[in-house]
Amino acid sequence: MSRKPASSKRTTNRLANRHTNRSSNRAASRTSSRSAARKSSYAQQYQELNFRQQEYQHAEYKQSGSLLTTDDLSSLQVGGRDSEQDKQVGPVYGMTKTKRHFIVASVLVIIFLLVVIFGGALVPYNPYAQDLMNARQAPSAAHLLGTDQFGRDLLSRVIEGGKFTVFASLILVAFITLFGGLLGAICGWRGGWLDTLIMRISDVFLAFPGMVFAIAVAGVLTGGLMSAVIALACISWPKYARLVRGLVLSTKNMAYVDAARMSGKKGITILMCDIMPNIAGPIIVTAAIDIGHMIIEIAGLSFLGLGAQVPTPEWGAMMSNGRSLIQLYPWIILAPGTACFIAVAVFNIFADACRDMFDPKIREA
Amino acid sequence: MGRYIGKRLLQLIPVLIGITILSFALMQLASGDVVDAMIENSGMAVSEEAQEATREQLGLNLPIWQQYFNWLGGVLTGDMGTSYVSGLNVMDSFASHLPYTIALAFTSIVLTVVISFPLGIISAVKKNKAADYVIRILSFIGNALPGFFLALLLLYVFAVQLKWLPAITSNGDWRGIILPTVTLAIAMSAKYIRQIRATMLDELGRDYVNGLRSRGIPERTILTKSVLKASLLTMSTLLALSIGSLLGGTAIVESIFMWPGVGKMAVDAITMRDYPVIQAYVMWMAIIFVCVNLVADILYHKIDPRIRLEEGAK
C-alpha cells in the first residue's frame, strides 16, 4: 500500500502531535476500535495495516473456497507471479518490461475490440441471411470459414457474434465491479449491522459452487442472453464486495484518510477521492481477470441453451446448434470455438499484464 | 482444535439456512407456478376450478413464508417433491445420479494431480528455461479454451476421427468416463499448474533455501526434502478448494458426453421446466460444496502447524 499520501499531509497539527504519543499508545495499537487506532502513531498504523491486511487475506482465504478463485488466491498469497520482472528495466527509454507488456496487451485488446465493433461492416455476407443452396460448405475462397447448416457465412457470423459474447461479458464485469464494489465500500466504510448483513448475504451466495447457481437462475429466467448475464451477476458480485470491503477496511484508518477528514471532507468524498484511487489496483486486476472467465461462462450458458437463442450468432449458441453436425462438418464448431478461444486469450494476456502493472502486493523479500 | 471445529460448524448454520432460502426463492422467480408447469408438461387442457383445487391441495395459496416452512419441513424429512416429468421422487433420482458425478469428479482430480504436479514443479525448477516456457504456453492455452469447445474437440478427434473411444456413454461401458475426465482435468490442470509454479517459486525464494544452498546441500536434496514438503500442503489445499468449481463445471461436460450425473440431470430438467429437480440440484450441490470446503479447512488447520501458530499469536 502506498504511504505517500500519508507523508505528504503530515503538516497537520494533530498528526504531528501523534509522534509524541507514540509510546503511550502502543498498548492501544492492537485493539481494533477505530478511535484507539486513530490515536496510534504512523509506525503502528502501518504495522496495523499490514496486520489487518494479512488478517483479511487469511480470513478471506479460510472462509470460503470460492470467494476468490484459487487462481486469484495464489496471486494474493504469493504476491503476484513474476514480480521480479518489475525490476528488470528495459534497454529502451528506460521503460520497464512490465510497462511494455501492458502497452502491448492494451493495443491487442483495442485491435480486438475494433474488429468486433467494425468488423460487421467489412464482412462480405449478412450474418443472418440463409442460403440453403450453399449450406454446409467447407472453408473456401468464397466463404473463408465455410458455411453452417443454413448456408450462413461463418466468418460473418463469428465476427457478428463477438458483439454478443464479448460485450455481454464486458457489461457484466463492469456491472458487478460497480455494484459489488459499491456494496463492499459501504460495508467497509460504515461497518455495523449493515456490514454484517451484507456480508452474511454474500456468504450465502458464495456457498453455491461456481456455475450451479448460474445454471439454475438462467434456466428459471428464460430471458435469452440477458438472463445469462443476470445469472452470472448473481454469483459474482460477492467476490467484489469482499475484495473492496477488505481494501477499504485496511485503508480507512490510515493517516491520509484522517487528514482528509480533518480538512472537512464528507465521508463519501473521502471514499471516492482519497480511498478509491489508492485501492483501485487490485480491483482493476480482478475485473480484468474476470473478463476472460465471463466470456467462457456466457458462451457456456448459451451452449446449454440458457443464454442467447437462435438465430443470434452468439458463439456458445452457434456451437450448440452445430453440435450434431460435428462428424461431417467440424468447421461449424471450429469457427466459433476458435473465436471464443482467441477472445479469451486476448483478455487473459491483458489481465496478466494488468496484474503485473497494477497489483501493489509485490513481495518485499 | 475442538473449539475451532465447533466455531466453524456454528458459522455453517446461517449459511445453510441461507442456502435453503435462496433455493426456495429461486423457484419463485420462475414464470408460472407448479400447476402451470404440470399442465404444460401433461399437454392437457384443465379447467380453472381444477387448477384452483390443485393449488389449494399443494398449499400454493398460503402466504409465502408458510410455503417456505412447509417446503423446508419436507426437505428436512428427505422429501423434495416429485419430478413433474418422470413423476419420480426427486431425492431418489438425485441420489441415483450423484455417484456418477462423484466418480467423474474423483477421476478428474486424480488426473489433474497426475498432470499438474510434475509439470508445475518442473516449470518452477526450470524457471525461464525452455521447459518452463513450453509448460506455461500449454497452461495458457488450456486456460483460454472453453470447456465445451475442448470437449467437442476431443470428441471429434478421439471418437469421430480415431474411433478409439465411444462418443457418448452407454450403460456399463467404463470407457465413457475417459473423455469427460480428460476434458475436466485439462481445464483444471491449466489453472493449477500456474498455482503450483507460483507456490514452488515462492518457497524456492525463501531464505532457508539459500541457507541450505550455501551449506552445499545438493539442489535435488533441497527440493525433495524441504521445498516440496513445505509446498505440498499449500498445493493440496488449493486443489481441495477447486473441488467446488469442479462440481459446478461438470454440468456442461456431462451433458456433452451424456454422462448420467447430476449436472446432466439438472440441464435436462431445465429444458423440461422440471423445477423441483433444479431446486434439489442447486440446494444439494451447495450443501456438498460447503461441507467439502469445511472438511478441507479443518484438515488444513490440523495438518499445517503454521496456521495454528499464526492464530495462536493473534
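How many helices and how many strands make up the secondary structure of chain B? In this predicted model, in which local features need pLDDT of at least 70, side-chain atom pairs count only at pLDDT 80 or more, and totals for chains, interfaces and linings use all residues, residues are numbered from 1 along each chain as its sequence is written. Chains are lettered from A, and ligands numbered from 1, in the order in which they are written.

The secondary structure of chain B comes to 14 helices and zero strands, where helices (H or I, at least four residues) and strands (E, at least two) are DSSP runs numbered from the N terminus. Chain B has a radius of gyration of 25 Å, well over the 20 Å that the globule rule gives for 314 residues, so chain B is more spread out than a compact globule; the radius is taken over C-alpha atoms, and the rule is 2.2 Å times the number of residues to the power 0.38. The C-alpha trace of chain B spans about 90 × 60 × 30 Å along its principal axes. Of the 314 residues of chain B, 37% count as buried, a residue being buried if 20 or more other C-beta atoms, placed from the backbone, lie within 10 Å of its own, exposed if 12 or fewer, and partly exposed in between. B:Leu153, found in helix 7 (residues 147–161) of chain B, is partly exposed, with 18 other C-beta atoms within 10 Å. Among contacts in chain B between residues at least 6 apart in sequence, 73% join residues at least 24 apart, two residues being in contact if their C-beta atoms, placed from the backbone, lie within 7 Å.

The contact between the chains takes 47 residues from chain A and 49 residues from chain B. Helix 10 of chain A gives the most to the side of chain A that touches chain B, with nine residues. The residues of that side divide into 28 nonpolar, 13 polar and six charged, with Ala, Val, Leu, Ile, Met, Phe, Trp, Tyr, Cys and Pro counted as nonpolar, Asp, Glu, Lys and Arg as charged, and the others, Gly among them, as polar.

In helix 10 (residues 211–221) of chain A, 10 of the 11 residues are buried, so this helix is largely enclosed by the rest of the structure. Its buried residues, including A:Phe213 and A:Val217, pack against helix 11 (225–251) and helix 13 (267–303) of chain A, together with helix 1 (2–29), helix 11 (243–257), helix 12 (262–271) and helix 13 (275–303) of chain B. Helix 10 of chain A is followed by A:Thr222, whose phi is positive, near 50°.

When residues up to four places away in sequence are not counted, B:Ala286 touches A:Ala207, A:Phe208, A:Pro209, A:Val212 and B:Ile19.

Within chain A, A:Tyr256, A:Val257, A:Ala260 and A:Arg261 in helix 12 meet A:Ile270, A:Asp274 and A:Ile275 in helix 13. By class, this contact has five nonpolar, no polar and two charged residues.
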